[in-house]
2 protein chains.
Amino acid sequence: MRIAVVGAGALGLYYGALLQRAGNDVRFLLRRDFEAVRDRGLTVHSINGDFHLRDVRGYRSAVEIGMVDLVLVGLKTFANHLLGEFIAPLLSAETRILTLQNGIGNEEALASRFGAERVLGGVAFLCCNRGEPGVVHHLGAGRIVLGEFREHDPARAEELAASFRSAGVECQVVRDLKRARWEKLVWNIPFNGICALTGQPVDILLGHDGCRSLVHDIMIEVIRAGNAQGLREDIPESFAGQMISFTEPMGPYRPSMLIDREEGRLLELDAILAKPLAAGREQGIDMPKTAMLLALLETAVENG
Amino acid sequence: MRIAVVGAGALGLYYGALLQRAGNDVRFLLRRDFEAVRDRGLTVHSINGDFHLRDVRGYRSAVEIGMVDLVLVGLKTFANHLLGEFIAPLLSAETRILTLQNGIGNEEALASRFGAERVLGGVAFLCCNRGEPGVVHHLGAGRIVLGEFREHDPARAEELAASFRSAGVECQVVRDLKRARWEKLVWNIPFNGICALTGQPVDILLGHDGCRSLVHDIMIEVIRAGNAQGLREDIPESFAGQMISFTEPMGPYRPSMLIDREEGRLLELDAILAKPLAAGREQGIDMPKTAMLLALLETAVENG
């Protein structure tokens with residue numbers, strides 16, 4: 001399969017490298033890592049074993065890549081305005097687009113531009129950071145939950161999942177992609193948001209009674225907002241407690257938004273907080289604590 | 001009048017210096033500034049004109065100071081457990097204690113230890129920072145609103161106010177000290193809290209629609225909690241809008257709690273946020289946004 005990786009940050013480089021190692025023709029759209037990858041290839045330091053790809057197809061523009069079977073989108077969501085330029089040249093009538101981006105609204109943005117029938121979405125449970133140019137550090141997990149944006153050929157998502165599995169990625173197909181996205185938000189909104197705001201890892205949040213309650217309260221707000229979106233099956237409110245128990249053994253884990261803030265990068269506030277808040281409000285769900293968290297985060301990152 | 005200044009930070013040094021310049025016998029309990037004040041005296045850089053006091057009575061212990069007519073308390077509230085050691089040696093039967101500390105609970109702490117009849121409280125509207133040892137920078141304002149903790153001799157507060165006025169300090173006596181304290185909290189809780197949490201000055205808060213609404217919402221919570229404490233006259237809810245208008249011309253003003261956080265000092269979270277929150281709850285007033293702000297601040301300053 002010919003695959004273009006658009007948004008080759010840690011996630012794009014990591015999955016792209018695995019897919020290439022499994023025999024796919026993977027083409028990376030690169031900016032920061034272009035020279036390093038051309039000169040030295042791509043190195044993955046992984047808890048599952050390090051590997052190096054010597055010959056990696058890196059490109060500076062999508063036009064040079066040409067048409068592909070699959071576009072894998074790993075772009076940070078605040079750069080979504082570049083999707084047209086990056087993706088249009090890659091598309092034949094048959095090309096599928098899989099977004100593994102954070103938050104909500106990404107499938108919609110792709111569908112409105114390129115047609116809903118092409119679009120699949122995936123939620124990646126991946127702990128991965130970029131190192132020096134040409135190097136990726138895979139610290140943990142990696143599972144993908146994917147599904148069709150609109151119901152289409154039921155075999156297509158399974159076929160795609162099979163490609164990931166043969167590349168060594170645990171991959172599960174779900175009928176309700178929207179539910180998977182909201183389940184991820186139940187974790188992402190409180191932990192990414194509060195860790196980024198306070199500068200603290202997840203164990204400090206859970207170790208403070210008031211903050212632990214706040215995490216739980218925000219999770220309940222997100223569950224209610226998600227359930228108001230017309231999911232096939234509601235997310236039970238007990239999911240909040242499960243997510244907290246799931247987080248407990250992570251210790252001093254630093255979510256990506258905290259790392260982004262520490263390193264002075266833009267935060268994905270729109271996709272991870274603002275869009276879910278707006279989606280909740282549209283359905284009449286009050287999310288006062290989520291709204292307060294977003295207002296504080298936006299204020300904290302103002303440059304004056 | 002013989003006056004002991006206990007807690008000689010920026011506020012204590014500033015008012016103490018003015019009172020000494022006006023002819024009072026002022027005795028400063030010093031720690032950080034002891035040597036500098038002994039060797040070089042005390043310098044006040046003030047918007048009202050700089051001045052220098054060459055001979056300043058600095059002491060390392062309250063026992064050396066001996067009994068005084070007035071104890072002026074400017075101690076940071078997180079050090080209130082030291083009040084006994086610092087104040088007991090200063091007291092005759094006639095000694096009054098005036099606390100100009102932040103937040104609530106300070107008159108109560110002094111009253112329970114030294115007797116309510118001695119205690120007066122004041123709210124200082126002062127913008128003042130410490131410079132190098134022996135130097136204070138007075139950046140703006142300075143007005144004091146003071147009153148008796150418990151009703152007592154009505155002339156006593158006026159007499160004290162007269163001492164401040166003859167030292168050049170605008171000073172107003174109020175019958176309802178509690179109301180004055182809560183009015184100050186209406187400003188202090190949102191602005192000190194959110195500025196310290198987000199690292200931003202007041203104009204950035206007011207320039208963000210969501211944050212500006214949050215400031216207003218928290219002010220309303222504080223007004224309702226204050227009014228539930230049995231004030232002589234309720235604080236109207238329109239006071240919130242007035243406080244925001246009052247803050248607008250301050251521009252990029254950095255409240256003391258923000259400066260404390262930037263300089264790695266302890267924050268007065270207990271007196272300024274936790275005690276008012278507890279006082280509201282005791283009267284059945286729900287303060288969800290104030291509670292969330294406190295939980296986030298406490299989490300942010302956790303050391304792991």
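**Entry 1: a helix pair in chain A**

I looked up the handedness of the crossing between α12(A) and α13(A), and it is left-handed. The model is a predicted one. Two packed helices are described by the angle between their axes and the distance between the axes, so I noted both. Helix α12 of chain A spans residues 269–282, and helix α13 of chain A spans residues 288–301. Their packing angle is about 145 degrees. Their axes lie 10 Å apart.

Next I listed who meets whom. From α12(A) come Leu269(A), Leu273(A), Ala274(A), Leu277(A) and Arg281(A). On α13(A) they meet Thr290(A), Ala291(A), Leu293(A), Leu294(A), Leu297(A), Glu298(A) and Val301(A). I sorted this contact by class: nine residues are nonpolar, one is polar and two are charged.

**Entry 2: chain A against chain B**

I then turned to the contact between the chains. Each chain puts in 22 residues, 22 from chain A and 22 from chain B. Together chain A and chain B bury about 1900 Å², with 75% of that on carbon and sulfur atoms. Which residues of chain A lose the most area to chain B? I found His208(A), Met292(A) and Thr299(A), together 31% of what that side buries.

I checked for salt bridges between chain A and chain B and counted zero.

Helix α13(A) gives the most, with nine residues. By class, I noted 12 nonpolar, six polar and four charged residues on the side of chain A that touches chain B.

Terms used
Residues numbered from 1 in each chain as written. Chains lettered and ligands numbered in written order. Predicted model: local features only at pLDDT ≥ 70, side-chain atom pairs only at ≥ 80, totals over all residues. Heavy atoms only, no water. Axes fitted to C-alpha atoms, helices over the stretch in contact; angles between N-to-C directions. Helix = DSSP H or I, 4+ residues; strand = E, 2+ residues; numbered from the N terminus. Left-handed = near helix turned anticlockwise from the far one by under 90°. Contact = heavy atoms within 4.5 Å. Nonpolar A, V, L, I, M, F, W, Y, C, P; charged D, E, K, R; others polar. Buried area = accessible area lost by both parts, 1.4 Å probe. Salt bridge = Lys/Arg side-chain N within 4 Å of Asp/Glu carboxyl O.
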